[in-house]
Amino acid sequence: MSNPNEGIIFNIQNFSVHDGAGIRTIVFMKGCPLRCAWCSNPESQLMKPQLAFNPMKCLGTEKCTSCIRNCPEGAISASENGVIAMDPEKCVRCHTCADNCAPGALNVYGKNMAVRDVIDEVEKEAAFYSRSGGGMTLSGGEALSQPEFAVALLREARRRRIKTAMETCGYARYEDLKAACGYLNELIIDIKAFNDDVHKKGTGVSNSRILENFKQLVKDFPELPILVRTPVIPEFNDNAEEIKKIIDFIPVQGNITYELLPYHRMGQPKYEYLGMEFPYADKQLDENIMKELRPLERAANENFKKA
Amino acid sequence: MTNFDCCLSPQEVRIANSVDTREGRERVYDILDSFHMTTPFIDIERARYFTESMKTTEGQPLVLRWAKALMHCAQKMTVYITPGSLIAGRAGKFGRYGILYPEIDGDFYSILGELDKREKSPFNITPEEVDIVVTEIAPYWKGKTYHEHLNGAMPDDLRGVTYDDNMGLKSKFVVSETSSYRSALQWVHDYEKVLKRGFKDIKREAEEKMAQLDAESPVQTWEKRPFYEAMVIICDAIMLWARRHADLARELAEKETDKIRKAELLAMADRCERMPAEPAKDFRDAIQSQWFVQMFSRIEQKASAIISNGRMDQYLFPYYEQDIKAGTLTPEQAKEMLEIMWVEMAQFIDLYINPTGNEFNEGYAHWEAVTIGGLTPEGDDATNELSYLFLESKREFPLNYPDLATRIHSCTPERFLAEIAETIKDGSGFPKLINDEEVIPLYTAKGAPYDQALDYSVSGCTEARMPNCETYTSGCVYINFATAMEMTMHNGRMLKYGEEVVGLETGDASEFASWDEFYEAYLKQHNNLLVKAFRQQYIVDSLRPEHFASPLASVLHDLCMKEGMDLQNQFIPGGLEYSYFEFLGYGTVVDSLSAIKKMVFEEKKLTMKQVVEAIKDNFEGHEEVREILRSAPCYGNNDPYADKIAKEIDRVCQTYAEKYSKERGVNLDVRYVPITSHVPFGKVVSATPNGREAWTALSDGASASHGADHKGPTAVLMSNYHSKNRGMKNRASRLLNVKLSPKVVEGEAGTQKIVDIIRTWCDLHLWHLQFNIINKDTLLAAQENPDKYRSLLVRIAGYSAYFCDLSRDLQNDIINRTEHEQM
């Protein structure tokens with residue numbers, strides 16, 4: 001994105017209480033270098049607007065033909081039993097159909113927004129941030145897929161005295177990560193696996209860059225509160241051995257905390273809306289695993305606290 | 001289902017039956033079990049003796065007649081002591097019961113025999129009792145009741161928006177009067193006065209005042225003397241009634257074989273001998289004295305939502321502190337006394353014979369609001385150990401009575417807020433919060449002395465009362481502004497009422513060519529309802545004093561005693577007349593205006609003709625039109641487009657109120673608190689341009705339309721902030737419901753989130769707030785009826801989702817998880 005004052009966002013969510021301190025607004029940025037098989041935000045992966053279709057919201061062609069009428073390319077038609085059919089050959093991604101879909105069954109994930117407009121929206125709930133110690137959290141996708149935009153958002157938020165946090169997968173240029181951290185009150189970074197083969201298999205990329213970035217980061221920002229997170233994913237890292245390795249890798253510093261996030265399937269419907277395959281559709285986390293892993297998390301945090 | 005509307009307490013008494021909960025609370029559970037979930041009885045004694053006396057005093061000043069009638073009740077009504085209880089005083093027989101007020105509805109008691117069959121809030125009465133009522137009581141009141149008077153006085157043009165029958169019993173649900181099925185608006189007594197002085201001393205004051213009158217003055221001897229006579233009689237009446245309980249307690253003690261119970265009864269006898277005549281000496285005295293006052297108040301009159309309990313943590317604290325220090329009371333014993341009061345309270349049902357009254361207060365609702373926390377009259381924080389004890393009791397024994405209200409201010413202690421949050425998390429909907437930072441400046445701006453404003457009590461649903469300053473007692477008008485929208489769409493008509501022109505003929509809506517034309521038509525309809533409402537209320541206010549008196553409430557009121565005037569008088573010198581008119585359908589109206597403005601006149605996605613046709617057909621065959629209308633900006637999302645319209649509508653109401661409040665010296669200010677009435681009021685309104693289907697509920701209070709708020713609870717608060725004209729003072733309370741899933745408020749971090757929301761709400765100077773922590777039942781209901789629950793937010797680790805956006809499979813996942821958490 002050449003203009004650092006504009007970027008692509010797919011959601012701004014108020015009243016978020018689990019990603020950073022206090023009551024927060026999360027800005028979800030589009031684009032991600034990873035392709036985690038279990039991804040709960042599949043709409044975040046590509047750095048371009050994407051059309052999605054939620055059949056549960058569609059009134060059916062008997063009651064509504066808005067998309068069919070409005071498509072300039074004639075790419076949408078009524079199929080039998082009132083369901084719409086889209087011809088991908090004819091569709092030119094103009095998204096006129098979604099613009100005219102009142103129930104929101106056709107919906108575009110991702111729109112371009114200026115820094116100022118994003119922060120204006122975030123600032124509307126500032127009364128809650130000041131009381132709760134909350135603020136804005138950049139998330140994604142990977143916020144640093146749009147590094148200049150991300151830094152510009154953080155800079156503007158700080159200028160308006162809005163506290164900032166960022167969630168990152170750590171897979172970014174170190175300069176970008178460093179620049180962003182300069183404007184952060186809090187960083188949330190994932191370490192998904194220590195074993196690189198495991199990491200590659202699950203996420204599509206090597207973890208060497210992530211681990212290198214992380215090592216450098218904790219040196220450069222010894223005061224910045226950093227939350228390291230590991231999503232516990234079935235058939236990926238759901239074993240004590242792997243988690244222990246991750247914890248052992250984290251330097252013992254007082255500014256670090258560690259959190260395990262048990263896998264959930266909440267992203268599933270969005271795969272359907274986007275017409276994507278969900279490789280993890282049938283997978284579930286064994287409940288007993290978390291009982292085994294939580295003590296590791298607790299011990300790690302006690303250890304960090306002592307430092 | 002889990003629809004905790006307004007201050008309506010959950011209908012099912014939420015009491016866990018496990019042995020653990022009962023342990024240490026056997027006494028209160030035994031009392032509770034004796035009436036829990038039974039159909040209430042009607043006790044006719046109050047009506048019988050009240051009428052007996054009234055028959056003999058015709059022609060005398062009303063306040064005197066009322067006092068004599070209450071004396072007759074005090075002498076004749078059977079007195080009861082609930083088995084196992086430590087507090088004496090009931091207004092009727094054992095179990096759940098309601099009493100009759102024939103001065104309100106005696107002329108149509110023929111329907112009494114059918115009350116057991118009605119769907120909402122049924123009552124039992126024996127055929128013998130029906131017979132007594134119909135032959136002895138009802139005939140006397142025929143032609144004498146207030147509601148007949150009002151019905152007769154109502155001019156035709158007002159009748160058309162008020163009643164749907166000739167009797168004045170069925171509301172039209174357009175401009176509804178609420179004065180004819182209750183004797184007064186919610187009220188709070190100055191209980192502290194009773195506890196500190198006792199009725200002997202109050203009686204002495206009345207005698208002194210009487211002695212000071214000019215015995216030769218025609219005015220004073222006719223206007224004032226009977227009032228003070230009535231004050232003396234009422235003091236004697238309550239003291240006599242109390243002493244009869246002392247006799248009963250002694251009688252019961254004599255027969256009692258259990259030693260412990262015998263001792264308890266003798267202690268009760270001792271207390272009833274002294275209370276409420278003497279000042280309270282200790283905590284138990286204070287509870288008994290207060291209870292006698294509130295129970296006798298119920299015999300006196302049917303104050304809407306019943307007399308509230310006032311600032312209990314304030315006036316009880318000196319006794320509590322003293323007893324704890326002296327070692328004569330433990331916190332557990334104090335809690336037991338209070339909880340006995342709650343189970344006694346739960347047995348008295350606010351019975352509505354009038355079908356309209358019943359619609360407004362479905363589910364045996366009554367609100368003896370207990371106020372805790374807030375500021376002292378000096379402006380310091382008032383929280384004390386007793387404040388915490390009330391919260392603790394609510395968490396441990398979550399009965400649906402009393403309604404617990406906490407006053408919050410900018411320096412409310414963090415610990416108090418955290419305990420409030422913990423109590424809220426319990427999920428029963430308690431406590432509700434009232435904001436000192438809004439109420440006190442507003443009441444002061446309206447003319448209240450600062451120290452009195454600082455000392456307000458929560459009364460009834462969301463109201464604030466200053467027990468020694470305020471003097472307005474009429475039930476207030478409810479205006480269904482969603483009908484103004486409907487009349488705008490149908491040229492002054494409502495589909496429910498056919499060709500009758502209920503409003504104004506503002507023209508064929510499908511011909512409106514601009515937003516200005518449409519909005520002007522709406523404002524005409526809106527204004528017309530205001531005009532009718534204010535005229536109606538004036539008639540109400542002028543007629544009521546001929547029909548109602550309240551000597552007990554008056555004897556406890558500084559101004560009434562000073563001026564020698566009953567509280568039911570239309571004006572008392574120096575009195576503050578703070579009242580309201582109810583705005584029904586705020587979100588419905590705002591969202592409808594927004595939809596028309598945006599979709600018809602700005603984006604031109606629809607024509608007026610299309611909208612008119614769609615709503616006439618209740619959107620059948622116009623599903624697309626409905627969805628387009630629904631996609632307009634809605635109130636409750638912190639969206640300036642909708643909030644600006646909301647603020648404008650609020651301004652229109654306040655401006656009108658200001659003009660005619662000045663003329664009358666009565667603050668009839670705009671309020672947004674429907675109780676449960678947004679449901680019946682919705683039943684007369686056909687489809688509205690916000691996509692709401694015909695006959696369904698209107699939006700509730702100042703909350704968003706059902707399912708229209710999809711930006712989360714913080715945005716709902718912000719919309720309230722942005723839609724209120726804070727520079728104007730002709731506004732009253734706004735009710736605000738916030739629903740959260742238990743997951744959001746899980747653990748210590750969740751408690752802190754509630755605290756943070758409360759702090760911010762306080763900063764925003766919003767009047768009222770209550771939380772619903774959504775449970776499994778609601779999630780199941782949401783699956784059945786996803787449309788209504790579109791805005792239900794569920795939290796999953798790391799991010800949140802709208803429940804209805806999730807697949808069935810995942811919904812079940814969450815439901816099971818919730819259940820798991822509850823285990």
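Predicted model: local features only at pLDDT ≥ 70, side-chain atom pairs only at ≥ 80, totals over all residues.
**Exercise 1. Strand 2 of chain A and its partners**

How many bridges join strand 1 (residues 6-16) of chain A to strand 2 of chain A, and do they run parallel or antiparallel?

Solution. Residues are numbered from 1 along each chain as its sequence is written, and chains are lettered from A and ligands numbered from 1 in the order in which they are written.

Step 1. Helices (H or I, at least four residues) and strands (E, at least two) are DSSP runs numbered from the N terminus, and two strands pair if DSSP finds at least two bridges between them. Strands 1 and 2 of chain A are antiparallel and joined by 5 bridges. One bridge partner of this kind is Arg24(A) in strand 2, which pairs with Ser16(A).

Step 2. Strand 2 of chain A also runs parallel to strand 8 (residues 135-139) of chain A, with 4 bridges. Here Thr25(A) stands opposite Met136(A), and Phe28(A) stands opposite Ser139(A).

Step 3. A residue is buried if 20 or more other C-beta atoms lie within 10 Å of its own, exposed if 12 or fewer, and partly exposed in between, with C-beta atoms placed from the backbone. By this test 6 of the 6 residues of strand 2 (residues 24-29) of chain A are buried. In a regular strand the side chains alternate between the two faces of the sheet. One side of strand 2 of chain A carries Arg24(A), Ile26(A) and Phe28(A), the other Thr25(A), Val27(A) and Met29(A), and both faces are covered.

**Exercise 2. Backbone exceptions**

Which residue other than glycine has a phi near 60°, and is Phe619(B) buried or exposed?

Solution. Step 1. Most residues other than glycine have a negative phi, and most peptide bonds are trans.

Step 1. Arg93(A) has a positive phi, near 60°. Arg93(A) lies in the loop between strand 5 (84-86) and helix 2 (96-99) of chain A and counts as exposed because 12 other C-beta atoms are within 10 Å.

Step 2. Phe619(B) has a positive phi of about 70° and sits in the loop between helix 26 (608-616) and helix 27 of chain B. With 22 other C-beta atoms within 10 Å, Phe619(B) is buried.

Step 3. Met275(B) and Pro276(B) are joined by a cis peptide bond with omega about -5°. Pro276(B) belongs to the loop between helix 11 and helix 12 (283-300) of chain B.

**Exercise 3. Core and packing**

Which residues touch the most other members of the largest nonpolar core?

Solution. Step 1. A nonpolar core is a set of buried Ala, Val, Leu, Ile, Met, Phe, Trp, Tyr and Cys residues joined through C-beta atoms within 7 Å. The largest has 331 residues, and Leu153(A), Ile234(B) and Ile238(B) touch the most other members. Helix 10 (residues 218-255) of chain B gives this core its largest share, 14 residues.

Step 1. Ala269(B) is in helix 11 (residues 259-274) of chain B and is buried because 21 C-beta neighbours lie inside 10 Å. Its C-alpha atom is separated by 9.6 Å from that of Ala242(B), 27 residues apart along the chain.
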